[in-house]
Structures are given as C-alpha cells and as structure tokens.
Amino acid sequence: MLPRCFVRTDLSAVSMGIVAIALAAFLPAPAQAAGAGDNIRCETENVTLDTAFPSGNVASCKPSGSKRIDVTLAPEDKPPINCSAWYAFRLTPRTAGKVTLILNYEACGHRYWPKTSTDGVNWDYLPKKFVKVEEVDGLKRARITVKLKNVPLFVSAQEILPPSAYNAWLGQTAKSPAAESWLLGKSAEGRDIPALTIRKDGTQPLEQVVLIGRQHPPEVTGALAILPFVETLLADTPLAKRYRERFETIVVPILNPDGVVRGHWRHSTGHIDLNRDWGPFTQPETKLMKELLDGIEEAPDKNLRLFVDFHSTKHDIFYTIPDSYQTTPPLFLKNWLGLLEQRLPDYQIDRDAGHNLGQPNSKNYVHKRYGVPTMTYEMGDETDRRLVRKIAIAAATTMMETLLGTEAPR
C-alpha cells in the first residue's frame, strides 16, 4: 500500500542550512573512505549498482539480464532484531531506461516505501505503479522499477541524513550567539558525536533540558523532527528569548554515527541496540551520555528538568512515563502534551504511558536515575514531512511555555 502521506521531501526546506549537506557526501568514494563498510557492487550492461557512500547498505546483489538486479537485504546482526529493514544503493546508468530491482529480505521483510534522489537533497516517493510488494516464504519482498536518465540515482528506504548533514546544520545553528557547538566525544569507530548548547549569551542557567536523537540509524523522521524543534528554541521570538534566559538546552542530535554511516538496521558497531544499553552502559556512545547527565546531576548550580529522545516508528506516538510517577517538575508531560493537543486541534495526540517500562532504555533510565520527566518522541515512518515539521515547531513552542510555567528550583 502506498503511504497515506505521499509528499516530496526537499531537505533544503526541512531545516536551515541542510542544503549544505554537500553533494560530496554522495560522490563516488572507496568504501573505506566513505565509511560504508563493505562496498557492494554489481553491474549489467546497462547499469551499475553500488553502496560506496554514507548510509549505503545491501547484503548482496546479482544481475539477472540487462534490466534486472536481485538485491538481498540482511541486518547487521542475527535476529532477533528490530525490523527496521534499511536499504540504500546508487544506480549509475550507461544508457537511459528502466531497470527492475527485486528486494529480497533474509529477515523481517519489506517495511519502508522506496524513495529516490539524484542529489541527496530532493527526495521523491517512488510512484505506486512502480512498486509491487508481495509475500514470499512468509516475508514481504518488493519489486520496484525505476526510470533512469543519464545521471546516478539513489534509491533508499528513507532520506539519507549522514553525519555531514548534521555538521552542516550545526555550522548554521552555531552562528547564533545563543548557540555553541562542541564535541561530546567519539564513537566506537572514532567518529565525532557532536553536541549543541543553547542558552542566552553570557548566562549560566540553572535549569537544563537534554535532547538526543538518532540512536537507531534508520529512524530518519525522528531526525527530521529534532532539527526544527531545536531551531524553534533558537528563534528570535519573545518566548524563545525568555526560555533561553532561564533554561540551558543540550542537544546530541546523532548518538550513533557509526550505525548511520554503515546503514545499520538498528545497532551500533558494538552489536548493541544503544537504546537498550542505558543502565549497562557497555558502549562508548551511551557512556558519553551517562557522563553528560551525571555531570549535570553532580554540579551544584545545575538542575536537569527534562529529557526527550527522538525516534521513528510505524506511526506518530509519544512514549512517556506514567503520570503516577513522581517527577520534578510534577505532571509536566501531561500538561505539555495537553497544551500541544490544544495547539494542533486537527492532529490527534497518541500517548502511551506504559510502553516498555522495564527496558533499559533512555526514557526509563533517566527518570529512575534523575527523577525528571522523560519522553520518547516518535514520528511515523511515512508521516508527511511537512507535518513532521509542523508538529516539531508546535511541540517545541508548547514545551517552552509549559516549562516557563513551572516553579524554578530553589
């Protein structure tokens, strides 16, 4: 079935500076230089398929005649694994024309509607007439047909947002006097994990809000939400200015850069779901978050007030802790989401306050350890990207209003 929200995505319009993703991120490069793990490559007399770019990933491919390629997709680790069945590859034609690709899955089956781009910035859903999803041996596979012109074409499960996109965005946001970009630390493979601090220039607010994203590589709509959310906190509005005077916001937008670059379905390169490592803290990426949060907790002049983790799933939903849990400030999530629902009367807020309460994920750990409201902010895989942005702006606005309405710690 074609996604309900069938809309072109222009990443240059999603967030300021995102067009500076730079086409270099998508130019041909050796697999090692691109950081994409094994470069899969196969070719017919008409077209070459490869994965030598950040986030490129298929398990294997095999030509079948001049106009068909069979592609096999498999997770980075053996199942059980979350079924976020990622794929991304580039087609470079020798001649213009159609090519058919069969997407076969070793586990889980087809999930994401194919999207295409010639530049990595502008993305289109592949039209319904060119996509056929069928079940084979209990798994869904997809038969897709693309029309190739005389330029390479990227085919991907979701829009590609590699670390270079975040770097470009951070370069723009850090131009604000209220923002400062810095390095939280390094990933397991030595990639930068950047961070951003937002506060009124020259101040040291006593209250902290922490936002993180991209623990799970394929969850791009969560990434498309956190960027405008943060931009709203940096806006030149009376509300945002008041918020920045009282609150300091720390943003870690891409916690799993290794998994993103390698096109993983779920895990870090340590073979771990990072959002099940909060408590064990066996991975360098989650250890960095523990150090950050403990630093706030231990500082005599700082108070953690809110933690939000941005993700994607099959539909929009806000996973929270129950209202019966004691938090400081009290009942914040109920008040925030209630106000958001008022601001978006045509949008139904779906909240689940009992989801996976026993898991060692960020939402549960941060509440239990620090006693603050916590939420996993999930956007649907195929939610209209304009709606993703609209919700994010409204959510950031109502978050600021709700926080400013709480009593400051003494």
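Me: Let's start with a proline: where does Pro 329 sit?
Reply: Pro 329 is in the loop between strand 18 (317–320) and helix 8 (332–343). Helices (H or I, at least four residues) and strands (E, at least two) are DSSP runs, numbered from the N terminus.

Me: And what should I know about the model before reading on?
Reply: It is a predicted model, where local features need pLDDT of at least 70 and side-chain atom pairs count only at pLDDT 80 or more, while totals for chains, interfaces and linings use all residues. Residues are numbered from 1 along each chain as its sequence is written, and side-chain values use heavy atoms, with hydrogens and water left out.

Me: Thanks. Is the peptide bond from Thr 328 to Pro 329 cis or trans?
Reply: The bond from Thr 328 to Pro 329 is cis, with omega near 5°. Another cis peptide bond runs from Pro 79 to Pro 80, with omega near 10°, and Pro 80 is in the loop between strand 5 and strand 6.

Me: Which way does phi go for His 271, positive or negative?
Reply: Positive, at about 65°, although His 271 is not a glycine. Most residues other than glycine have a negative phi, and most peptide bonds are trans. His 271 is in the loop between helix 6 and helix 7 (284–298).

Me: Buried or exposed, that His 271?
Reply: His 271 is exposed, because its relative accessible area is 52%. The cut-offs are under 20% relative accessible area for buried, over 50% for exposed and partly exposed in between, with a 1.4 Å probe and protein chains only.

Me: Switching to cysteines: how many disulfides does the count come to?
Reply: Two, where a disulfide is a pair of cysteine sulfur atoms within 2.5 Å. With bonded cysteines counted along the chain, the pattern is 1-2, 3-4.

Me: What does Cys 42 pair with?
Reply: Cys 42 is joined to Cys 61, S to S 2.2 Å. Cys 42 is in strand 2 (residues 41–43) and Cys 61 in strand 4 (residues 60–63), 19 residues apart. Both are buried, and their link is left-handed, with -135° about the S-S bond.

Me: And Cys 83, what is that joined to?
Reply: Cys 83 is joined to Cys 108, with S to S 2.1 Å. Cys 83 lies in the loop between strand 5 (68–73) and strand 6 (88–93) and Cys 108 in the loop between strand 7 (97–105) and strand 8 (115–117), so the pair ties together parts that are 25 residues apart in sequence. The S-S torsion is about -70°, so this disulfide is left-handed.

Me: How accessible is Cys 83?
Reply: Cys 83 counts as partly exposed, at 34% relative accessibility. Cys 108 is partly exposed too, at 28%, and the phi of Cys 108 is near 75°, a positive value in a residue other than glycine.

Me: On to the inside. Which residues of the largest nonpolar core touch the most other members?
Reply: Of its 91 residues, Leu 91, Leu 101, Leu 211, Phe 229, Trp 336, Tyr 377 and Met 399 do. A nonpolar core here is a set of buried Ala, Val, Leu, Ile, Met, Phe, Trp, Tyr and Cys residues joined through side-chain atoms within 4.5 Å. Helix 10 (residues 385–404) gives the largest share, 10 residues.

Me: What does Phe 229 touch?
Reply: Not counting residues up to four places away in sequence, Phe 229 touches Leu 211, Phe 310, Trp 336, Tyr 377, Ala 392, Ala 395, Ala 396 and Met 399. Contact means heavy atoms within 4.5 Å.

Me: Last topic: what volume does the second largest pocket have?
Reply: About 350 Å³. A pocket is an open set of points on a 1 Å grid over the protein atoms alone, where a 1.4 Å probe fits, with protein on both sides within 12 Å along at least five of seven lines; lining residues have an atom within 4 Å of a point. The points are joined across faces, edges and corners, and the volume is the space filled by probe spheres set on them.
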